[in-house]
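Keep the sequence beside you as you read.

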Amino acid sequence: MKPFSITFVEYEEDSIASLVLALVSLTPIFAVIGHASILLVKRDLQAITLFLGVLLCVVLNEVLKHILKEPRPIGSRKDGHGMPSNHSQLSFFFAVSLLLIWQRWKMEPVWRRFLSFAGISAACLVAFARVFHGVHSVAQISVGAIVGTLFAFVWDFITDKFLRPLFPKIQSLALCQYLYIYDGSQVENQLKFEYDNYTAQQKKQKKN
């Protein structure tokens, strides 16, 4: 039997801190699954593009691991190469990508700062957890964080300059209309937009 390496994590049985960090280290997996679930409901081209970036980030990580072929720390029971850390890279890609998206939204500055701080803090905690459990070295999670951050900026640039201008045309495609895939990038604050529309619809139904 061979463990599934993506979700493979060990923790000290008598340590609550070790258990908590083990769960924290799975955050990127939960984030990807959650994001995929949101796509099934919202079907926003901006969210779809971000998910495509996540997949490319994973591919980039595998390519770098194949090139660098650096082993994991001595004593680690997790197989495969360790440089760069996939969890660290993916966490920072997600956090920085969302930070860049939120910069375009019209929201209270305090909320933007809070969400940005929470996202980066979560990414740092994931990286720390990987070192704490001995599956990565400090160098491996550091390179993962750098690569994830840089790729987030690159993908955001590609999306903004090349993909987003195509969203209206993509939205008009028959398949997208059938699947209710839409361009939400023109909405400055999607949370407020959805809230206003839902409440307006509820008031309309009550009047009827």
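Helices here are DSSP runs of H or I with at least four residues, numbered from the N terminus. The model is predicted, so local features need pLDDT of at least 70 and side-chain atom pairs pLDDT 80 or more, while totals for chains, interfaces and linings use all residues. Residues are numbered from 1 along each chain as its sequence is written, and side-chain values use heavy atoms, without hydrogens or water.

The buried residues of α2 are P28, I29, H35 and L39, where buried means under 20% relative accessible area, exposed over 50% and partly exposed in between, with a 1.4 Å probe and protein chains only. Seen down the axis, these buried residues fall within an arc of 130°, so they line one face of the helix; the arc is taken from the directions from the helix axis to the C-beta atoms. The face turned away from this buried side carries the exposed residues I33, L40 and V41. Among the elements covering the buried residues of α2 are α1, α3, α4 and α5.

The largest nonpolar core has 15 residues, of which L50, V54, C57, F93, W105 and F151 touch the most other members; such a core is a set of buried Ala, Val, Leu, Ile, Met, Phe, Trp, Tyr and Cys residues joined through side-chain atoms within 4.5 Å. Its largest share, seven residues, comes from α4.

Notes. Helices (H or I, at least four residues) and strands (E, at least two) are DSSP runs, numbered from the N terminus. Contact means heavy atoms within 4.5 Å.
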